[in-house]
Amino acid sequence: MKNIFLIGFMGSGKSSVGKQLSEGLNCDYIDTDTIIETTHNKTIPEIFAREGEASFRKYESNALHNIPTENCVVSTGGGIVERSSNIDQMVETGIIVYLETDFRTIDKRLQFDTSRPLWRKNKDEKKQLYDRRIHLYQSCAAITVSTDNKLIDDLVFQITSQV
Ligand code: S3P
């Protein structure tokens, strides 16, 4: 099976959907954020605070580069699309599934979240980041599923029937 890359904004449900999707497809589950934290033995907020976003992006590309070439469902960080080389790699080696989620839904889901350094900005900056990113997600996805008001089971079913 070709790898399946789940992309989408922070809080779109990539990890929850990814875990369940991998169980349904009976394949491995990989989360690029978890690889980064394990490899560097630091949390993502620690990496952002001590080394900055540029280092994090380097680690993220390395994590993506080193995953197995097939039979995996891969949940990516929301900023994986910030590097065009990451997009190229995902397009060339797998099927990209975009979990599309309304900004208001994200804002509600992440209102108490403190684990995402780029979610600590003010609302205008967050909306700008969201608006810029959706074009990137849309431009590389082979499959798009809307997650608003959907159960994880439904999303998994929808993706499984399209890949
Ligand atoms: C980021 C998203 C996060 C994590 C890091 C940066 C981003 O992952 O990779 O905080 O730039 O959008 P999630 O999308 O899983 O929250």
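**Exercise 1. Describe how helix α2 and helix α4 pack, giving the angle and the distance between their axes.**

Step 1. Two packed helices are described by the angle between their axes and the distance between those axes. Axes here are lines fitted to C-alpha atoms, for helices over the stretch in contact, and angles run from 0 to 180 degrees between N-to-C directions.

Step 2. In this predicted model, local features need pLDDT of at least 70, side-chain atom pairs count only at pLDDT 80 or more, and totals for chains, interfaces and linings use all residues. Residues are numbered from 1 along each chain as its sequence is written.

Step 3. Helix α2 covers residues 32-40, and its angle to α4 is about 110°, with the axes 9 Å apart. Angles under 35 degrees count as roughly parallel, over 145 as roughly antiparallel, 65 to 115 as roughly perpendicular and the rest as oblique. The helices α2 and α4 are therefore roughly perpendicular to each other.

Step 4. Contact requires C-beta atoms, placed from the backbone, within 7 Å. On the α2 side the residues are Thr 32, Ile 35, Ile 36 and His 40, and they meet Tyr 59, Glu 60, Ala 63 and Leu 64 of α4. By class, the residues of this contact are five nonpolar, two polar and one charged. The classes are nonpolar (Ala, Val, Leu, Ile, Met, Phe, Trp, Tyr, Cys and Pro), charged (Asp, Glu, Lys and Arg) and polar (the others, Gly among them).

**Exercise 2. State which elements the chain has and in what pattern they follow each other.**

Step 1. Helices (H or I, at least four residues) and strands (E, at least two) are DSSP runs, numbered from the N terminus. The chain has eight helices and five strands.

Step 2. Along the sequence the pattern reads β-α-β-α-α-α-β-α-β-α-α-β-α.

Step 3. Of the contacts between residues at least 6 apart in sequence, 78% join residues at least 24 apart.

**Exercise 3. Compare the radius of gyration of the chain with that of a compact globule.**

Step 1. The radius is taken over C-alpha atoms, and the globule rule is 2.2 Å times the number of residues to the power 0.38.

Step 2. For 163 residues a compact globule would have a radius of gyration near 15 Å, and the chain agrees, with 15 Å. The C-alpha trace spans about 40 × 35 × 25 Å along its principal axes.

**Exercise 4. Identify the residues with the most contacts inside the largest nonpolar core.**

Step 1. A residue is buried if 20 or more other C-beta atoms lie within 10 Å of its own, exposed if 12 or fewer, and partly exposed in between, with C-beta atoms placed from the backbone. Buried residues make up 32% of the 163 residues.

Step 2. A nonpolar core is a set of buried Ala, Val, Leu, Ile, Met, Phe, Trp, Tyr and Cys residues joined through C-beta atoms within 7 Å. The largest one has 29 residues, and Phe 5, Leu 6, Ile 7 and Val 97 have the most contacts inside it.

Step 3. Two or more residues come from each of β1 (3-7), α1 (14-25), α4 (53-65), β3 (72-75), β4 (94-100) and α8 (152-160).

Step 4. Not counting residues up to four places away in sequence, Phe 5 touches Val 74, Thr 76, Met 90, Gly 94, Ile 96 and Val 97.

**Exercise 5. Locate Asn 26 and Asn 149 in their loops.**

Step 1. Asn 26 sits in the loop between α1 and β2 (28-31), and Asn 149 in the loop between β5 (143-146) and α8.

Step 2. Phi is near 55° at Asn 26, a positive value in a residue other than glycine. At Asn 149 phi is near 60°, again positive in a residue other than glycine.

Step 3. Asn 26 is exposed because it has 8 other C-beta atoms within 10 Å. Asn 149 is exposed, with 8 other C-beta atoms within 10 Å.

**Exercise 6. Is Cys 140 buried, partly exposed or exposed?**

Step 1. Cys 140 belongs to helix α7.

Step 2. With 19 other C-beta atoms within 10 Å, Cys 140 is partly exposed.

Step 3. Cys 140 touches Val 81, Ile 87, Met 90, Val 91 and Ile 96, leaving out residues up to four places away in sequence.

Notes. Contact = placed C-beta atoms within 7 Å.
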